[in-house]
Amino acid sequence: MDSRPTFDFPGPLRIDGMGLHLREWSDDDVADLVALYDDPEIDRWTPVASPFDTEAALAYLAAAEQKSAEGRAVQLAITTDGERPRGEILLFPGTGDDRDVELAYGVGAAYRGRGLATRAVRLAVDFAHRRVGGRRIVLCIEDGNTASEGVAKATGFVLADDEPVVRTAKGRDVVLRTWSHPRNAGPLG
């Protein structure tokens, strides 16, 4: 299917499975979001503001809500109990080709090493295959981000032949390689 992906879903959106509950962010999550994203590794590998304080969290949540309301993206808190955020997963039109569904994610330092990113990506891939559409599902990963490369491999993504994607973030050009999830790998790769 080469149609443009659709990110317009009736709320509240929730995806459950594999011991996770992916849910929309709420204003009650501000303190948890600050705790997750005011982190050197999040700063290193993502375009998220740093330092990430209450003001940054409020702006981030407002932007996520607006993108969701406009059907431009889905940003979900990764939880194990349906309540407390442990990280986040995003689905949005691909940077290199807006027919693609691009995934991005972050997991708080206190929750790394538990397979949360791998399980969240598997759930998001399954959801995207069933409900979002698009040409393919991709991850764009900066060289050297071995943790994200490990998640890509563990979830059935393969390095694509695409030209590198260059994004400017925090005053520097970031070169990202595209990893693609083959449709024939099955949704939970």
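This briefing covers aromatic pairing and helix packing in a predicted model. Local features need pLDDT of at least 70 and side-chain atom pairs count only at pLDDT 80 or more, while totals for chains, interfaces and linings use all residues. Residues are numbered from 1 along each chain as its sequence is written, and side-chain values use heavy atoms, with hydrogens and water left out.

**Aromatic pairs**

- The structure holds four aromatic pairs (rings of Phe, Tyr and Trp, its six-membered ring, with centres within 6.5 Å; planes under 30 degrees apart are stacked, over 60 edge-to-face, the rest tilted).
- One of them joins Y37 and F52 edge-to-face, at 5.6 Å centre to centre and 75° between the planes.
- Helices here are DSSP runs (H or I, at least four residues), numbered from the N terminus.
- Y37 is buried at 5% relative accessibility, and F52 is buried at 2% (buried means under 20% relative accessible area, with a 1.4 Å probe and protein chains only).
- Y37, F52 and Y60 form a cluster linked by ring pairs.

**Packing of α1 and α3**

- The angle between α1 and α3 is about 105°, and their axes are 9 Å apart (axes are lines fitted to C-alpha atoms over the stretch in contact, with angles from 0 to 180 degrees between N-to-C directions).
- The two helices α1 and α3 are therefore roughly perpendicular (65 to 115 degrees).
- In α1, V30, L33, V34 and Y37 meet T54, A57, L58, Y60 and L61 of α3 (contact means heavy atoms within 4.5 Å).

Definitions and conventions. Buried < 20%, exposed > 50% of the residue type's maximum accessible area, 1.4 Å probe, protein only. Parallel < 35°, antiparallel > 145°, perpendicular 65-115°, else oblique.
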